[in-house]
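Work through the exercises below with the model open. Try each task before you read its solution.

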Amino acid sequence: MKKFLFLIMAVATFAMAPKAGAQEYLWFGEEVHEVYYEDYDFIENGIYYHILDTDTPEVAVMNHRTIIVHVGAWVGETPDAVLYEWTDGDYSGDLVIPENVEHEGVKYEVTRISYGAFVNCKDLNSVTLPSTIRDIRTSAFMASGISKLPNLPEGIELNQATFMLCESLTFADMSDIELGAYCFDRCKSLECVVLPTFADFPTLMSNFHDCTSLKSIYLPVAVPTESDYDYFNEALFDVTLYVPEGSEELYRNAEGWNRFKNIKAGTYAGTETAEIANGTAVRVEGGRIIVESSDGATMPVEVYNTAGQKVRSLNAGGAAEIALPSGLYIVRAGTSVVKVAI
């Protein structure tokens, strides 16, 4: 099978580990760095687990290949640079990770998604995470085939390159999630992103590189943050930036932010039935999605399923009824986005 090599923030050569858990010191350029080799300890129901060195029995979900972690420095308990060697991933289909797993008479709580756990799993469609997950490590879903984001725990902080090269993703709701750098780089199909209220200029500039289909970013921050950042992702400035109503001019006049060529008022509503911007209402009635405009104006309406696939597109004048099978949908009406359930 084809092998890949991925490196963040380091350029190096390396030697494979003789055994799991080993630590060595190797030369990287002109500096010596610690290298740690992490491997799985057991398999249960097709999922690879690594036993964590914690006070209570806990495990991390692993990739089936040895992962090499190059530790240049530590930020808390997370290294700032990682180096992988892997082959094609084993995971496929719709994977459901349990809260607990038992091995050799010991019950372990599943609390971590480890480095590159699902990396290059091209046949993986989706991952359902348990509520026990507290830590998602660098490149956890990188280059996988997932077509929708997993149910990320609210408030969790993602490390670098979490969803890099996930080319089937089209929509990313990160409204409660803190992004690390490069999280969505080279996600070629990504069209729309919703950012959290604590997102700032560096968050934008350090993500979404080479996202060639990206059309809109929703930023629910009324006052522009300082943009004292020495790097600009120039391609991003062609994407429409939606900010809270009344904040458009603030962003158009703010240093850094004023590089965005198209800044509009627009909000993201995460409720199942919602009154959204400009007098537009979206609700579900009789198994149909109803979109109504108070002023009768014609507006573009797009509906996506939870896999991020567009299932309906139309120009609605005054009111529109959209019949779809039961399920969860994301409705974009004019400049606003809302989730609904039929």
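**Exercise 1: Cysteines**

Cysteine 192 is buried, at a relative accessible area of 1%. This is a predicted model.

Task: Classify cysteine 187 as buried or exposed, then find how many disulfides the model has.

Solution. 
1. Take the accessibility of cysteine 187. Its relative value is 0%.
2. Apply the cut-off: buried means under 20% relative accessible area. Cysteine 187 therefore counts as buried.
3. Look for a sulfur partner. The nearest cysteine sulfur to that of cysteine 187 belongs to cysteine 211, 5.2 Å away.
4. Compare with the disulfide limit, sulfur atoms within 2.5 Å. Cysteine 187 is in no disulfide.
5. Count for the model: 0 disulfides.

**Exercise 2: The strands around S13**

Solution. 
1. Valine 61 faces isoleucine 113 of S13.
2. Go to S12 (residues 100-103). Valine 101 has tyrosine 108 as its bridge partner.
3. Check the hairpin of S12 and S13. There are 2 residues between the strands, and glutamate 104 has a positive phi near 50°.
4. Finish with S15 (residues 135-136). Arginine 112 stands opposite aspartate 135.

**Exercise 3: The core**

Task: Name residues that touch the most other members of the largest nonpolar core.

Solution. 
1. This core holds 62 residues.
2. Among those touching the most other members are Ile113, Phe163, Phe184 and Phe208.
3. S6 and S13 each supply at least two core residues.
4. Inspect phenylalanine 184. Its contacts beyond four places in sequence include Phe163, Phe208 and Cys211.

Methods: Residues are numbered from 1 along each chain as its sequence is written. This is a predicted model: local features need pLDDT of at least 70, side-chain atom pairs count only at pLDDT 80 or more; totals for chains, interfaces and linings use all residues. Side-chain values use heavy atoms; hydrogens and water are left out. A nonpolar core is a set of buried Ala, Val, Leu, Ile, Met, Phe, Trp, Tyr and Cys residues joined through side-chain atoms within 4.5 Å. Buried means under 20% relative accessible area, exposed over 50%, partly exposed in between (1.4 Å probe, protein chains only). Helices (H or I, at least four residues) and strands (E, at least two) are DSSP runs, numbered from the N terminus. Contact means heavy atoms within 4.5 Å. Two strands pair if DSSP finds at least two bridges between them.
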